[in-house]
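Hi there,

Here is the structure I promised to pass along.

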Amino acid sequence: MRRKITLFIIITICYLLQTTLFRALAFASISPNIMIVVVSSFGFMRGKKEGLFIGFFTGLLLDLFSGSILGFYALLYMYIGYLNGYFRKLFYPEDIKLPMLLIAGSDVCYNLFIYFFLFLFRNRYDVRYYLMHVILPELVYTMVITIFLYFVILKINQRLEVIEKRSASKFV
Amino acid sequence: MKQSIKRKPKFVLPPKYILMIMTGLCVVVMLLSFTLNISGGPLQSVAGYVFVPMQRGINRVGTFFTEKTDWLMHLSDVMEENEALQSQVDELTVELNTVTLEQYELENLRDLFALDQKYPSYDKVAANVIGKNGSNWFSTFTIDKGTNDGIDVDMNVIAGSGLVGIVTEVGPNFATVTAIINDTSSVSGMVTTTSDNLIVSGSLQDMNESMVIRFSDLNDSDDEVQVGDPVVTSYISDKYQQGILIGYIDSIATDANNLTKSGTITPVVDFEHIAEVLVILNKKQVIE
């Protein structure tokens, strides 16, 4: 329960920052995608199941306010969370290379999917333009934010795990 | 230690199956919202009540700080501007007087001709922009007024004197506006100087590169449309009210078919710094 509430608060804060603060701090109308950082990091820190649900609810939230087809972002983020869950066994908290790599990969995949389904299908063929002017800038900006945000998420998760272990041993 | 308590093992569904079930759910919801055009429903209302107040709060804090910094930075500019504006006010007052006289004359003449059709004055409601689209691909934003204030889907949104976009989704206390610069938007427009119709369509690429929106399908066989001509919403549009300024023609070129022309329009609204908008509460009536 404690974990669920904490996760809800994290998603809420990130959503609010994403749509307000980071939009105001956009460089050349590109802002970082911090939702993907959250979904991806919980995916590889906690496994497929939790990644899947966090991704689903994050995407649903974006769906509800973005005015496009309901369920699209939910599906996309859900798969990102789930696929990141495969790397749980390789994940060590001290090592930042794998998380950075996974978050970067997730962000690029996410944007490529959006381009493919929502732009290419409407005859926007200039892949190079979108790659150079939307996908890559977002990737760089997101990576800069990740360096800070990842450690915050990591610390929160470790704290939660400690509390969960303690209360689990108390019951037995 | 846990094994000491003998209990039936709790059944846990493997993540693979959860993924499949949730995927199915998403696909069904997507199909439903695509075919029936529903969006969120009660879920959206709940989300609106939870998130909109928070967004509004953050926005208020943000505006407070930007206002304070702007205030300090632009004080001298403003004083200069004030002088310039004061002289402009004088000038305009004189002009206004002439216009009032002309208006009076016009009304008289209209009465004489029994022309009762004038430009309608729309009911408007002001709203604040409280959040923008979460991705870098689309230009939609959330405003802090919804059905509680009479806002409904397909209402036009303006800022200053120009067209911003159209309401595409609405909850009790928020509404999502799709801007005309959004990559999927298109508006039927008209060049005021020649009354020729054209299609204005938003494009992410053009907007990012040179802050313009594209237009196409302009029939102008006499080459009368010039760069700088104003473009307004057309009377043939079924969603946009007639005569709202979209922007000014920035460039124009003849298409390969030699019949139509296309080019770019500079929008009058500054979409980067949009903070307050007006929603026109009258919907365009279309005979079904």
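Helix α1 (residues 2-24) of chain A packs against helix α2 (residues 42-73) of chain B at an angle of about 20 degrees, their axes 9 Å apart. Helices here are DSSP runs of H or I with at least four residues, strands are runs of E with at least two, and both are numbered from the N terminus. Axes are lines fitted to C-alpha atoms, for helices over the stretch in contact, with angles from 0 to 180 degrees between N-to-C directions. That angle makes α1(A) roughly parallel to α2(B) (under 35 degrees).

The contact (C-beta atoms, placed from the backbone, within 7 Å) involves L16(A), T19(A), T20(A), L21(A) and A24(A) on α1(A), and M54(B), Q55(B), I58(B), N59(B) and G62(B) on α2(B).

This is a predicted model: local features need pLDDT of at least 70, side-chain atom pairs count only at pLDDT 80 or more, and totals for chains, interfaces and linings use all residues. Residues are numbered from 1 along each chain as its sequence is written, while chains are lettered from A and ligands numbered from 1 in the order in which they are written.

**Chain B as a whole**

Chain B has four helices and 12 strands. Its C-alpha trace spans about 95 × 55 × 40 Å along the principal axes. Of the contacts in chain B with a separation of 6 or more, 57% join residues 24 or more positions apart. Buried residues make up 30% of its 288 residues (buried: 20 or more other C-beta atoms within 10 Å of the residue's own).

Cheers

Methods:
Angles under 35 degrees count as roughly parallel, over 145 as roughly antiparallel, 65 to 115 as roughly perpendicular and the rest as oblique. Two residues are in contact if their C-beta atoms, placed from the backbone, lie within 7 Å. A residue is buried if 20 or more other C-beta atoms lie within 10 Å of its own, exposed if 12 or fewer, and partly exposed in between; C-beta atoms are placed from the backbone.
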